[in-house]
Amino acid sequence: MTLPLEGIRVIEVGQALAGPLAGVLLADMGADVIKIEKPEGDDARIWGPPFAHDGASLYFHSQNRNKRSVVLDLKLPADIEALNKLCEGADILIQNLRPGVVDEIGIGPEAMLKRHPRLIYCSIWAFGYEGPLKMKPGFDPLLQAYGGMMSITGRAEDPPTFCGASINDKATGMFCTIGALAALRLRDKTGKGCLVDTSLFDSAVHWVEGSVNNFIANGTISQRHGTGSPVIVPYQTFDTADHPICLAPGNDRLWARCAAVLGRPEWATDPRFAKSAARVAHKAELLPMIAALLKQQPRAHWLATMDKAGVPCAPVNDIGEVATSEQLAASKLVQQLPEGGPKVVGLPITFDRERPRSARPSPKLGEHTAEVLGR
């Protein structure tokens, strides 16, 4: 399979999740990604259990497959010069070091772009490169808290709640990748590299943009609605006689079908419930009645009857149910890494209906130092 980024070289100077995620996305699409690790290695190597057969965490394997590992001590001038030599033949540099560090050691964007004018220099920050918090470090849960996401997640009667996934790290890694690819296209036109900045704070605000826009427009502070929506009813999870389901009839036509399946076709013409705005206004009355009906039958019954009527509905799967689902197997998203590596979730993109497969396993610490640097 010919991959779209073959011939592109990426230098990744970072650790944990956001930077390595950007790197692995580029690697899976064919780029040669050289991962620069400190002598003790990426912190994520020990983020477990579980650990793979080689002692590295599955977390590390999932974000660092398809890369080569080079150990450099960036406190040493000789290793800074070695990094610069690598950048002479590179297209993209990704860094997510602690704020201030790149300038302290002489590899900040101004210095690097002056020496390597065709380089796409990608920085991933916690709070960005300007503003009163620019020097603060950050981890995903801190930005879920600061960025407002926690305040609108969970039930109204419960404390603010984290999203279960590292959603800001993941989004920032993806935005970094998008920016890098756009910058490569720009370089095709201008012959010059550029600086791409992304941050966990920007990503966090992007997730809650609707709530922020509403506040700017009318001063309304969004509240927590559990699994429900403030503007669509019903549009949430419900318990059944055994396992929960998510029910999402997102317009009046689908609601009429849903009401019929529930055995209450009159709800589709009842002035309190017929139209979307009316259902929102009367949700305190409507939702308990829906909940009581759904508890009368098991999940399989409701999934079958809703699906037959064309009403959007899904099981609330646990991770095991997702991992063993026929849909996941059919997608071929999970892949076995080469050389006896573990199974991990791969690139969520296909090209001409073919999903890229990892050409190499995740690297051992410094495995390619001699190969890349010739020392």
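I take helices (H or I, at least four residues) and strands (E, at least two) as DSSP runs, numbered from the N terminus. I note that the model is predicted, that local features need pLDDT of at least 70 and side-chain atom pairs pLDDT 80 or more, and that totals for chains, interfaces and linings use all residues. Residues are numbered from 1 along each chain as its sequence is written, and side-chain values use heavy atoms, with hydrogens and water left out.

Entry on cis peptide bonds. I looked up Pro50 and located it in the loop between strand 2 and helix 2. A cis peptide bond joins Pro49 to Pro50, with omega of about 5°. Pro49 is also joined to Gly48 by a cis peptide bond, with omega of about 5°. I placed Pro49 in the loop between strand 2 and helix 2.

Entry on aromatic pairs. I counted rings of Phe, Tyr and Trp (its six-membered ring) as a pair if their centres lie within 6.5 Å; planes under 30 degrees apart are stacked, over 60 edge-to-face and the rest tilted. The count by this rule is 6 aromatic pairs. Trp47 and Tyr59 form an edge-to-face pair, 5.3 Å centre to centre with 65° between the planes. This pair links distant parts of the chain, 12 residues apart: Trp47 lies in the loop between strand 2 (32-37) and helix 2 (58-64), and Tyr59 in helix 2. For burial I used relative accessible area (buried under 20%, exposed over 50%, partly exposed in between; 1.4 Å probe, protein chains only). Trp47 is partly exposed at 36%, and Tyr59 is partly exposed at 28%.

I then examined Trp255 and Trp267, a stacked pair 6.1 Å centre to centre with 5° between the planes. The two residues are 12 apart and link distant parts of the chain, with Trp255 in helix 10 (residues 252-261) and Trp267 in the loop between helix 10 and helix 11 (276-281). Trp255 is buried at 0% relative accessibility, and Trp267 is buried at 5%. I also recorded one aromatic cluster formed by Phe127, Tyr146 and Phe201.

Entry on positive phi. Which phi does Ala16 have? Its value is near 70°, positive in a residue other than glycine. Ala16 sits in the loop between strand 1 (9-13) and helix 1 (18-28) and is buried, with a relative accessible area of 18%. Asn66, not a glycine, has a positive phi of about 70°. I found Asn66 in the loop between helix 2 and strand 3 (67-71), where Asn66 counts as buried at 10% relative accessibility.
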